[in-house]
Amino acid sequence: MKKVHSFLFAPALLVCLLFTGDSCNQPESGGKNKITFGVSPFPDTEMPLLGKIKGWYAEEGLDVDFRILGWTEVQEALSSNSANRIDVGINNISSVIATHNKNPDLIYYYGFNTFDNGFALMVRPNGKLKPLQSFLDQGQAYDTAVKNCSAQLKGATVITTASTDMEQGVAACARKGGLDIVKDVKIINLNPDEGLASFISGTGDAYIGGIPQRTKAAQEGMIAMVTGTDLGPAPINGLVTTKKFLAANPEALSKLLKVWFRIVQYTNAHLDEVSGIMVKELNKNTAAGVSPDQFRLFWNNYEHYPSTPDSIQAQILDPTGKNYWKKRWDDCNFYFFNITKTIPAPVEPKDAFFMVEAQQQLKDYLTKKP
């Protein structure tokens, strides 16, 4: 979950593309595609702005104009019939599954940002919940240590934000310990900042929020019990769109992905420069006060940005990949259908997951002769 004016990663990079006029009537040749690209004001989600600043969209024949949107507005705006409707955005698998029943036309198009080290279940030092490392220090095998560490949640009180990927991480962690989050764990539902303040003041046994809240908790002396993928399959942020828009604009989507990879590669090679540019842009739109040092810490550390389609294939699309998409898909279905009971049935990938097709479209575009 992300909110404008609250510096919170979602597991997060997100972007919305809003089209000016009837984009489906615009041909993909004989002129530039006019695109209004909406982004949320967070370090990961505003990264596409770099393509505008550097002129890379124009080089691909895309006329891109940016607007600022909140994280929770993306799926709603994709379904809107108003003049400000969104045709493409950045969200994650959780969002697509949660809203599919309301609008089956919404699809997950391409994942490119894995939030695989961002979340951390924070606990008190010398408290009753011990960190994973303490189990490893006892000589336990890794999988055994994760199971035993997670089993500590039985009877524990955890502060988090309900019906978000933060609570989903608690649910996945509980299952690793053989527990049922509903029966075995007490959840105190607060927004991330309020939850952190409550936890620091002495409420609860554990807390999970976004990256800024994790950082602040650590500064207050709290320690991480489990982190990243030990809390469950990693959220994967990327492009979401509609079946209608995809059918009319496949090449425009491939061009956006081409620019995205150029952004990642340039940032990897010029991190100091990009951190200065993006922090300046970010602080125009939020009171978070992000520093260049923080940006550099977050980049390819708390979350990761594969730099080529081949690395996306190896990490996300291949079943042996570190962040294989189907693990996250199944975990989201379980969370929304079995735990929160907010969807009537699990969502089938064939109905809403188009990343395999998108990968092939991108490869065809990149190898196409001028």
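Q: In this predicted model, which residue stands opposite G238 in β11?
A: That's G111. The strands here are β5 (residues 106-114) and β11, and they run antiparallel, joined by 7 bridges.

Q: What makes β4 and β11 count as a pair?
A: Pairing takes at least two bridges between the strands. Strand β4 (residues 86-92) has 5 bridges to β11, so the two pair up, in the antiparallel sense. Along the way, V88 faces T241 in β11.

Q: How covered is strand β11 (residues 236-242)?
A: Mostly covered: 7 of its 7 residues are buried.

Q: Why is C149 called buried?
A: Its relative accessibility is 0%, and the cut-off is under 20%, so C149 is buried. C332 also gets the label because its relative accessible area is 0%.

Q: Is N101 buried or exposed, and what makes it so?
A: Exposed: the label calls for over 50%, and N101 comes in at 52% relative accessibility, so it passes. You'll find N101 in the loop between α4 (93-99) and β5.

Q: How far apart are N101 and I343, in sequence and in space?
A: In sequence they're 242 residues apart, while in space their C-alpha atoms are 6.9 Å apart.

Note on methods:
Residues numbered from 1 in each chain as written. Predicted model: local features only at pLDDT ≥ 70, side-chain atom pairs only at ≥ 80, totals over all residues. Heavy atoms only, no water. Buried < 20%, exposed > 50% of the residue type's maximum accessible area, 1.4 Å probe, protein only. Helix = DSSP H or I, 4+ residues; strand = E, 2+ residues; numbered from the N terminus.
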